[in-house]
Amino acid sequence: MQRGGIDPRQVTLAGNEARCQKIIKDLQSMSGAALVLSDAGFEGVDNYTLYIPHPISLGSVSNKINAKGNAKYTYLNDFALDVRRIFGNFARFNYYADPHTIKMRKDVLKVLYKFESLWQDLIKDFEKTSPGMFFVQPLPELKWCLSAFDEAVKAKVPNEPRFLIDDFIHPIKLYIT
């Protein structure tokens, strides 16, 4: 996922594959992860690719960590972006306020919160050894995430309250800080 040349301020994935795989395995072991575990789960959902332009799963992320050539992540930020995209896609597709969807979102968001906790630990470790490295998401990715969130919030669901904003207030605070 390299964009242009190597940025010396960013932490490259090279040498950090084992740590990323451990994060993915920790997430996969959680009960809420079953809904975003593999791409096969998306193939059976009608119109999924119509609403979700970049479908991705924990299995896809795991494969990209150990891939060869251009299919492999270049930076740790790219890895984090795709993990966050999984949960953004899930919330975007499952934004209805029925009790089943609300429970599914809450289960999946527990996995996202776990990722954010593990990600913060990883950043702290790098700050100790290499202060000043670049862990902020580049603008195009942030813009994509915010537009997906905005579309889900604006979706017309007659006579139903929206819980999406309440569900995502914690991650938004994390990304802004």
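Among the elements of the protein, helix α8 (residues 164–176) has the lowest mean pLDDT, at 48, whereas α1 has the highest, at 95. Over residues 169–177 the pLDDT is below 50, and beyond near neighbours in sequence this stretch has eight contacts in the model. The model is a predicted one, and the protein as a whole averages a pLDDT of 76, with 68% of the residues scoring at least 70.

**Packing of α5 and α6**

- Helix α5, which spans residues 76–93, packs with helix α6, which spans residues 99–129, at an angle of about 165°, and their axes lie 10 Å apart.
- Because angles over 145 degrees count as roughly antiparallel, α5 is roughly antiparallel to α6.
- The crossing of these two helices, α5 and α6, is left-handed.
- On the α5 side, the residues that make the contact include Leu-76, Phe-79, Val-83, Arg-84, Phe-87 and Phe-90, while those of α6 include Met-104, Arg-105, Val-108, Leu-112, Phe-115, Glu-116, Trp-119 and Phe-126.
- Sorted by class, the contact of α5 with α6 has 15 nonpolar residues, one polar residue and three charged residues.

**Surroundings of Gln-28**

- Gln-28 is found in helix α1, which covers residues 17–28, and Gln-28 is partly exposed, with a relative accessible area of 29%.
- Leaving aside neighbours within four places in sequence, Gln-28 is in contact with Ala-33, Leu-37, Leu-58 and Gly-59.
- Gln-28 and Gly-59 are 31 residues apart along the chain, and their C-alpha atoms are separated by 8.8 Å.

Note on methods
Residues are numbered from 1 along each chain as its sequence is written. This is a predicted model: local features need pLDDT of at least 70, side-chain atom pairs count only at pLDDT 80 or more; totals for chains, interfaces and linings use all residues. Side-chain values use heavy atoms; hydrogens and water are left out. Axes are lines fitted to C-alpha atoms, for helices over the stretch in contact, and angles run from 0 to 180 degrees between N-to-C directions. Helices (H or I, at least four residues) and strands (E, at least two) are DSSP runs, numbered from the N terminus. Angles under 35 degrees count as roughly parallel, over 145 as roughly antiparallel, 65 to 115 as roughly perpendicular and the rest as oblique. A crossing is left-handed if the near helix is turned anticlockwise from the far one by less than a right angle, and right-handed if clockwise. Contact means heavy atoms within 4.5 Å. Ala, Val, Leu, Ile, Met, Phe, Trp, Tyr, Cys and Pro count as nonpolar, Asp, Glu, Lys and Arg as charged, and the others, Gly among them, as polar. Buried means under 20% relative accessible area, exposed over 50%, partly exposed in between (1.4 Å probe, protein chains only). pLDDT is the predictor's confidence in each residue, from 0 to 100.
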